[in-house]
Amino acid sequence: MIGKEDLRSLSLPMCFNEPISMLQRMAELMESQSLLVRANGDSDSLRRMAHVAVFNAAQYGSVVGRKLKPFSSLLGETFELVADGYKFFGEQVSRHLSACHAESDDYEVHFDTCLANSFWAQSLIFKSLGEINICLLYTSPSPRDLSTSRMPSSACKKKKKKK
């Protein structure tokens, strides 16, 4: 039964964690929120869509070189960030689900993270079942533009040694 055991309760050393919680990590997604402000002010719908697409891709810039996982948030834990130009609020609503909301005068962003993971003898699989919903508030000519995207999944597999 190797690879079939339940490893969710496996204790890991403290050195595997970085000193922030998962909700704080989620707040880091808003570091590139200026792209949403720029998208909201653009009258060309294709450029608005491009700004929103770059915002969705920019979240991966903060994880380059990071190898540690954030601490799991406690059930009911909240995190609030009031930054220059926007507010962020996140809550751990169940064991594997975080719900977050960010808003400014130009946009509203709602996203949730729900991770499903599998540990096998030769691989790790992390499936992200969350969505990001972005609503640009005062865009002309249409009063609101809405974008929904999925967070990507990841997999790591052990390489076989060449003989």
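User: What makes Leu46 and Met49 on the other side of α3 count as exposed?

Analyst: The cut-offs do: exposed is over 50% relative accessible area, buried is under 20%, and partly exposed is in between, with a 1.4 Å probe and protein chains only. Leu46 and Met49 fall in the exposed class. Keep in mind that this is a predicted model, where local features need pLDDT of at least 70, side-chain atom pairs count only at pLDDT 80 or more, and totals for chains, interfaces and linings use all residues. Residues are numbered from 1 along each chain as its sequence is written, and side-chain values use heavy atoms, leaving out hydrogens and water.

User: Which residues of α3 are buried, and how do you know which side they are on?

Analyst: Arg48, His51, Val52, Phe55 and Asn56 are the buried ones. They cover an arc of only 140° around the axis, so they sit on the same side of α3. The arc is taken from the directions that run from the helix axis to the C-beta atoms.

User: How do you know what α3 should span?

Analyst: A helix here is a DSSP run of H or I with at least four residues, a strand is a run of E with at least two, and both are numbered from the N terminus. The expected span is 1.5 Å times one less than the number of residues. For the 14 residues of α3 (residues 45–58) that gives 20 Å, and the end C-alpha atoms are 20 Å apart, so the two agree.

User: What about α2: which of its residues are buried?

Analyst: In α2 (residues 34–41), Leu35, Leu36, Ala39 and Asn40 are buried. Their arc is only 140° around the axis, so they too share one side of α2.

User: Why is serine 21 called buried?

Analyst: Its relative accessibility is 9%, so serine 21 counts as buried. Serine 21 lies in β1 (residues 17–21). Leaving aside residues up to four places away in sequence, serine 21 touches Pro70, Phe71, Ser73 and Glu77, where contact means heavy atoms within 4.5 Å.

User: What makes β3 and β4 a pair?

Analyst: Strands pair if DSSP finds at least two bridges between them. β3 (residues 78–83) and β4 (residues 86–92) have six, in the antiparallel sense, so they qualify under that definition. Phenylalanine 79 stands opposite glycine 90 in β4. The two strands form a hairpin with two residues between them, and glycine 85 in the turn has a positive phi of about 95°.
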